[in-house]
Amino acid sequence: MSLTNNYKLNLIQWYPGHIAKAEKNLKEQLKLVDVILEVRDARIPLATHHPQIGEWVGSKTRILVLNRLDMITPQVRSLWTDWFKSQGEVPYFTNAQHGQGVTAVAKAAQAAGVELNQRRRDRGMLPRPVRAVVIGFPNVGKSALINRLLGRRVVESAARPGVTRNLRWVRISDQLELLDAPGVIPSRLENQAAALKLAICDDIGQASYDNQLVASAFVDFLNEIHITANHLLPESPFKLRYELDSSSYTGESYLEALAEHRYNGDVERAARQLFTDYRKGLLGTIPLELPPNL
């Protein structure tokens, strides 16, 4: 994507100490786990895929959960479903905040357990609860998913990356135990276009990026999707929200124009407002990634 060239000089890197430590603990704990629930952000299902997940999962069962279903349209959801199926995967879409789609995830985890316990019985061992772990980038909704699976709030769930710091087991039912793991991110974000999307969606710590640069990138992404897949976006989201259309601007010049138009020339405020409105869904349902085959 040509976009990344503009931002090469401002690399987004974020790998706080507590995440490095959590990853080390997680690798130890994974030996005890039967099923892995990998949670990604439905707006950016590729950017929120951890490159090491395949190596961590090995031969264990992995269930792919795409959270924030409410932030994409049914049409985009169905395009992703088809694409993942073509890759041999079944995605489970959830809105963990409101509990939508969570029952199907629990059933899939328990189904994996039936198989596991059959093998245990065949070897003359007693059945035991399935041990599942929820992993994914910070702030993609893991804690909200666990709270829904449990039916009660046990995990501090906050809209800021890096809230869960420790590993702990939580008993969901006689059939299922869950390990709540802190968010994991690659130690190096090689793909800066993906890193920009993580920043726009608030799936990475704010200390790692410059608001104005990332807000400019957001406008550029949107303009690009408008050209390639206009039918998948709400009509003129910026024009409706700010009475200023972005199509004739670059991201950077749009941010400056918006600052003049609405915020007394305060570009930083304009950048923060763009993020807030997008993250709260006030600009409509806007995906930042579409399946590669489109």
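Colleague: Why is K60 counted as partly exposed?

Modeller: The relative accessibility of K60 is 25%. Buried means under 20% relative accessible area, exposed over 50%, and partly exposed in between (1.4 Å probe, protein chains only), so K60 at 25% counts as partly exposed. This is a predicted model, in which local features need pLDDT of at least 70 and side-chain atom pairs count only at pLDDT 80 or more, while totals for chains, interfaces and linings use all residues. Residues are numbered from 1 along each chain as its sequence is written, and side-chain values use heavy atoms, with hydrogens and water left out.

Colleague: Where does K60 lie, and with which residues is K60 in contact beyond its neighbours within four places in sequence?

Modeller: K60 is in the loop between α3 (53-57) and β2; helices (H or I, at least four residues) and strands (E, at least two) are DSSP runs, numbered from the N terminus. With contact meaning heavy atoms within 4.5 Å, and neighbours within four places set aside, K60 touches L30, K31, V33, D34 and I36. The C-alpha atoms of K60 and I36 are 7.3 Å apart, although 24 residues separate the two in sequence.

Colleague: What makes strand β2 and strand β3 a pair?

Modeller: Two strands pair if DSSP finds at least two bridges between them. Strand β2 (residues 61-67) and strand β3 (residues 91-94) have 4 bridges, in the parallel sense. In this pairing, N67 stands opposite T94 in β3. From β2 the chain runs through helix α4 (residues 74-86) to β3, a right-handed β-α-β crossover. Right-handed here means that, with the strands pointing away from the viewer, the path from the first strand over the helix to the second runs clockwise.

Colleague: Why is the ring pair of W80 and W83 called edge-to-face?

Modeller: Rings of Phe, Tyr and Trp (its six-membered ring) pair if their centres lie within 6.5 Å; planes under 30 degrees apart are stacked, over 60 edge-to-face, and the rest tilted. The centres of W80 and W83 are 5.7 Å apart and the planes stand at 85 degrees, so this pair is edge-to-face. Both residues lie in helix α4, 3 residues apart, about one turn of the helix. W80, at 0% relative accessibility, is buried, and W83, at 13%, is buried too. The structure holds 9 aromatic pairs, and ring pairs link F218, F238, Y242, Y249, Y254 and Y278 into a cluster.

Colleague: What makes helix α6 mostly covered?

Modeller: In α6 (residues 142-150), 8 of the 9 residues are buried; among them are L145, I146, L149 and L150, and also K142. Just after α6, G151 takes a positive phi of about 75 degrees. In the whole chain, buried residues make up 53% of 294.
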